[in-house]
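User: Can you walk me through this model? I'll ask as we go.

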Amino acid sequence: MKKITASLILLLVLISCSEKKTEETRAELFARIDAEIIENSKSYSTLKEATETIGHRLTGSENGEKAEEYTYNKFKEYGFDDVAYQSFEVEAWSRGDVSLEVNGEKVKAVTLGQSPEKVVLTEEIVDLGNGLEADYLENPDAVKGKIAFVCIGLLEGSKEGLTNLHRSEKTALAIKYGAVGIIISNTVDNGVLLTGTASVTGELITIPAVCIGKEDGAALKEKLTKGKAKATINMTNTSAMIKARNVVATMKGTDFPEEVIILGGHLDSWDLSTGAIDNGIGSFAILDIARAFKANNLTPKRTVQFVMFMGEEQGLLGSKYMVKQAIKNNTINNIKYMMNLDMSGNPVGMNAGGQLDDESFFKDLGAAIQKQDTIYKNTFSNKSSLHSDHQPFMLEGVPILSIHSNLDSSIYGCYHSDCDDFTLVNKDHLVNTSRFVTMMLYSLANAKKLPAKKMNSDETKAFMIKNNLKEKLIIGNDWKWEE
């Protein structure tokens with residue numbers, strides 16, 4: 001009897017071993033993630049709910065606070081135990097009233113961020129074309145004591161190979177050459193007015209800055225070719241200390257918990273509309289990606305933080321604060337990658353900015369995603385730009401990751417404008433962001449070896465120069481290397 005029992009036990013053990021579950025392949029994992037997100041994605045419905053019940057998400061406003069609480073509660077609802085507010089207090093700007101007259105005729109305008117609190121100004125307008133430094137150097141004193149008029153883009157017929165500047169950089173140049181005000185013409189049809197910060201530092205600028213529509217800009221340019229014109233700018237704004245909160249949901253790594261991968265995007269928006277595109281499609285995709293990690297029982301080897309940044313629109317306030325705290329706490333070297341989603345979606349490829357040791361990691365990952373769905377084209381680049389929440393991390397040498405987007409070009413006409421509302425959102429594109437970025441993020445967090453390392457100061461400097469960012473960083477007082 002004992003022999004029979006022993007034989008039976010051995011047989012059961014052998015059967016158990018033969019039936020041991022094999023490890024899930026990457027293809028099987030991606031298929032499982034994909035099916036779940038396609039079936040259960042919440043990015044579209046939560047963004048719709050937020051735009052309808054909260055509205056705009058201006059940092060420091062009552063709406064901004066509601067948006068912070070909304071996303072905090074959603075992270076909790078999706079199963080995150082470690083959700084925290086990262087509170088910061090800064091001086092922040094909000095708009096008041098503005099009027100613009102040219103030769104006594106009213107022109108529709110909107111104030112650009114960080115303009116002075118009170119201005120009453122009447123002065124001659126000088127056309128500076130694209131508003132690049134070369135335009136000023138043709139006659140360095142031309143705009144001194146006058147109002148600069150520039151195009152937000154590059155004018156048709158401009159010299160080939162020119163690199164455009166951000167509106168804040170164009171404003172900084174106007175101030176540098178002695179202008180007392182700046183009028184910036186939009187390039188979008190039908191009188192769309194664009195707002196946004198005109199400050200490279202996030203602090204108040206010394207001159208008033210306004211934006212006018214494309215058609216009014218063309219009319220003003222024509223007027224200036226025939227003779228002189230004077231503008232009267234009358235505006236009031238507010239600048240005061242405000243409290244805001246980044247929202248951080250953390251999923252601790254199983255093998256390398258001290259190594260952190262950040263997926264972040266700015267939750268805040270300007271106050272002219274709901275900011276559904278800028279940056280609802282980024283931040284609410286992040287919220288859904290966090291949900292997908294929990295719903296699919298994904299266990300990253302490295303710690304993953306899902307971050308909703310506030311204050312991006314007013315000068316990267318939330319991301320600068322997070323980096324400043326990481327430097328202060330000696331944890332900046334723990335941040336191994338920062339992936340940023342800002343006005344991006346419907347991915348077709350990846351951009352991995354930094355000093356890559358293994359470019360094939362991203363190409364192989366992209367090939368695996370493409371096998372899941374051929375709408376993903378597996379394009380790849382290694383470059384970077386400025387003026388979003390990756391910037392403070394990048395300047396500390398942290399490798400960055402973003403996506404190549406394939407969004408409807410029509411949505412960009414409402415960038416920072418009063419038409420940036422939920423009607424512009426494409427549900428399929430939003431779901432595709434959740435699908436593909438979940439695969440990217442999980443693969444990065446579970447890589448045997450990360451494809452890039454943190455750059456030292458000299459390597460970071462070289463990367464900035466390689467990406468033609470030196471001039472812009474100097475204008476923005478962010479170039480930290482002595483020459």
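**Strands, rings and loops**

Analyst: Strand 14 (residues 400-404) pairs with strand 11 in the parallel sense, over two bridges. Pairing requires at least two bridges between the strands in DSSP; strands (E, at least two residues) and helices (H or I, at least four) are DSSP runs, numbered from the N terminus. This is a predicted model, so local features need pLDDT of at least 70 and side-chain atom pairs pLDDT 80 or more, whereas totals for chains, interfaces and linings use all residues. Residues are numbered from 1 along each chain as its sequence is written, and side-chain values use heavy atoms, without hydrogens and water.

User: Which residue of strand 14 is the bridge partner of Met 339?

Analyst: Leu 401.

User: And what does strand 9 do with strand 11?

Analyst: Strand 9 (residues 256-266) pairs with strand 11 in the parallel sense, over five bridges. Ile 261 stands opposite Tyr 337 there.

User: Why is strand 11 described as largely enclosed?

Analyst: Five of its six residues (335-340) are buried, so the rest of the structure largely encloses strand 11. Buried means under 20% relative accessible area, exposed over 50% and partly exposed in between, with a 1.4 Å probe and protein chains only.

User: Zoom out. What is in the protein chain overall?

Analyst: The chain has 14 helices and 14 strands. Its radius of gyration is 25 Å, close to the 23 Å from the globule rule for 483 residues, so the chain is as compact as a globular protein of that length. That radius is taken over C-alpha atoms, and the rule is 2.2 Å times the number of residues to the power 0.38. The C-alpha atoms fill a box of roughly 110 × 50 × 45 Å along the principal axes. Of the 483 residues, 56% are buried.

User: Switching to rings: how many aromatic pairs?

Analyst: The count is 16. Rings of Phe, Tyr and Trp (its six-membered ring) pair if their centres lie within 6.5 Å; planes under 30 degrees apart are stacked, over 60 edge-to-face, the rest tilted. Phe 75 and Phe 80 are an edge-to-face pair because their centres are 5.9 Å apart and their planes stand at 75°. Phe 75 is buried at 0% relative accessible area, and Phe 80 is buried at 2%.

User: Which charge lies over the face of Phe 80?

Analyst: Lys 294, at 5.0 Å from the ring centre. Arg 245 likewise lies over the face of Tyr 85, at 4.0 Å from the ring centre. The rule asks for NZ of Lys or CZ of Arg within 6 Å of the ring centre and within 35 degrees of the ring normal.

User: Where is Asn 346, and is it buried or exposed?

Analyst: Asn 346 is in the loop between strand 11 and strand 12, and is buried at 8% relative accessible area. Asn 378, also not a glycine, has a positive phi near 60° and lies in the loop between helix 10 and strand 13 (379-381).

User: Last one: what is Leu 356 in contact with?

Analyst: Beyond its neighbours within four places in sequence, its contacts include Tyr 337, Phe 362 and Pro 451. Contact means heavy atoms within 4.5 Å. Leu 356 sits in the loop between strand 12 (349-353) and helix 10 (360-372).
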